[in-house]
Amino acid sequence: MALVDIQVPDIGDFDEVTVIELLVKPGDTVTAEQSLITVESDKASMEIPSSHAGVVKELRVKLDDKVKQGSVVLTLEVAGAQAAAPAAAAAPAPASASDASTVPAAASASAQTAPVSAAAASPAPVAAPAAASGPVEVRVPDIGDFKDVVVIEVMVKPGDAIKAEQSLITVESDKASMEIPSSAAGVLKELKVKLGDTVNIGDLLAILEGSTAAAVSSSAATPAASAAPAPSASSASAGSVASAAPASVTASAASAPAAAAPAPAQPAHQPTATPPVGLPHASPSVRKFARELGVPLVELKGTGLKGRITLDDVQGFTKAVMAGDTRTQAQVAKTPAPAPAASGTGVGLDLLPWPKVDFAKFGPVERQPLARIKKISGANLHRNWVMIPHVCNHDDADITDLEAFRVQMNKENEKSGVKITMLAFLIKASVAALKKFPNFNASLDGDQLVLKQYFNIAFAADTPNGLVVPVIKDADKKGIVQISQEMGELAKKARDGKLSPAEMSGACFTISSLGGIGGRYFTPIINAPEVAILGVCKSRVEPVWDGKAFQPRLMQPMSLSWDHRVIDGAAAARFNAYLGQILADFRRIML
């Protein structure tokens, strides 16, 4: 057994990066190329891998430490075969085991200057001496040996004025998330990628128009850049990750280590105080872990450096959701005692921490894991209830004649095998109401109201695994029988767990029906980004005054929840009243 110091490999032209996550601890057994720590620059987060396999003897860094190429990360106790070239591993060369084993021990003194020589030997790109005008193609620069990285954020849109080195998109591999900058300045004419696309070196990102004073190298503009010196032979090497970080579109800039002579400062390296809006601030390994558990990172508030989401945050969120709380344990622990009501600011709601109770001390208990559907929907429902100012109107609709018509239709169509339900009539009636009151068929997008010209109606379906919401597409173009048939097919898929994401997306308005169970009224939670939802309960016969006498009428309870940011009380009352009129006399739907 021998002790080997694992050092930070070549991380490109980043001088110092911050340790934001420790992925191992003393006593852990690690394999070669296993990630040890996560570091972050102003442009990329990256994981530093181990060049050897062994047991962690001592951690030499802690959270928030600044490290650079050659900094010792930890001491590893390795077997004899692994320790054959300790001098090579100690040199600030790329952290790949295969690279380290090729460096003779006698050359360790000159290893510091090797990256500089490599950079000097490679042809340096030459900036265009004069500004040019016209369409300019912006392509993915050298991102090392990563293939098919996923676009997780688009930062610009057509028409935006783009500066040289301004970030255009954020991409993510299994080891790093990085921003891809523009190699030129101008006005964005066309964006060639979208969220979820996979890109590689040389792929066309955008087309700019206007002045292009930025330096563009041929290696950054074409896939031929793969012939440039690779920073590491290992696919998981942090040296490759560093070259993937878009500090510059030139190949030589990514190979300039800290030992090189001071270079002119580049505006693209100015620190960013906060992560881009809408992009969860987390390392790639945390993102992967969250995806495996089905945890929506946008619902988490990170407890790490600069609000970064850590592995503990994801684990805490999962445990908290299973216990009925959507906050992480770390957040609960850090929640300060609330100020007296008179001095409360209202920021953060000034809530007490969630009570921690040992239920077993009061009697026998059984713990069951929360179904994945409930974990996901629970977080969404919590967000919707907190963020949407709900108001709920309750009303009754006389469906005596409509129910008689429905029973008659089912008798006549008994051989068809399609059972017509009251919910099918409610869907058709809702379409008519949405056409008359278009603000209910809308969504908020910032300061704009998106009025939809299509009518997709969702209905809540109860399944053994939880509530799901299939969508009847283009309900305005379908008849009652067709809607009933499609509802039956979607409900069966929901119970079998075979609904596709496409069959649960694109809704304009949702109906939640408890008619088959009971109840009177309830307050359904709006399904964002919709602005209203209709809840209906079991109908019952009631005496209704007709001006001369009380008559037995079948009354349908209706509960309409609406978003007060878009809809006011008068419009909601009119919507409910009109919906009730249609259900009372379905002939009105033809008017």
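This is a predicted model: local features need pLDDT of at least 70, side-chain atom pairs count only at pLDDT 80 or more; totals for chains, interfaces and linings use all residues.

A: Residues are numbered from 1 along each chain as its sequence is written, and side-chain values use heavy atoms, leaving out hydrogens and water.

Q: How is a pair of aromatic rings described?
A: By the distance of the centres and the angle of the planes. Rings of Phe, Tyr and Trp (its six-membered ring) pair if their centres lie within 6.5 Å; planes under 30 degrees apart are stacked, over 60 edge-to-face, the rest tilted. By this rule there are eight aromatic pairs.

Q: What kind of pair do F405 and F425 form?
A: Their centres are 6.1 Å apart and their planes at 70°, so the pair is edge-to-face. F405 lies in helix α10 and F425 in helix α11, 20 residues apart. Helices here are DSSP runs (H or I, at least four residues), numbered from the N terminus.

Q: Is F425 buried or exposed?
A: Buried, at 2% relative accessible area. Buried means under 20%, exposed over 50%, partly exposed in between (1.4 Å probe, protein chains only). F405, at 39%, is partly exposed.

Q: What about F440 and F575?
A: They are stacked: 4.2 Å centre to centre, 20° between planes. The two are 135 residues apart. F440 is buried at 1%, and F575 is buried at 0%.

Q: Where does the charged end of K435 sit?
A: Over the ring of F455, 5.5 Å from its centre. The rule: NZ of Lys or CZ of Arg within 6 Å of the ring centre and within 35 degrees of the ring normal.
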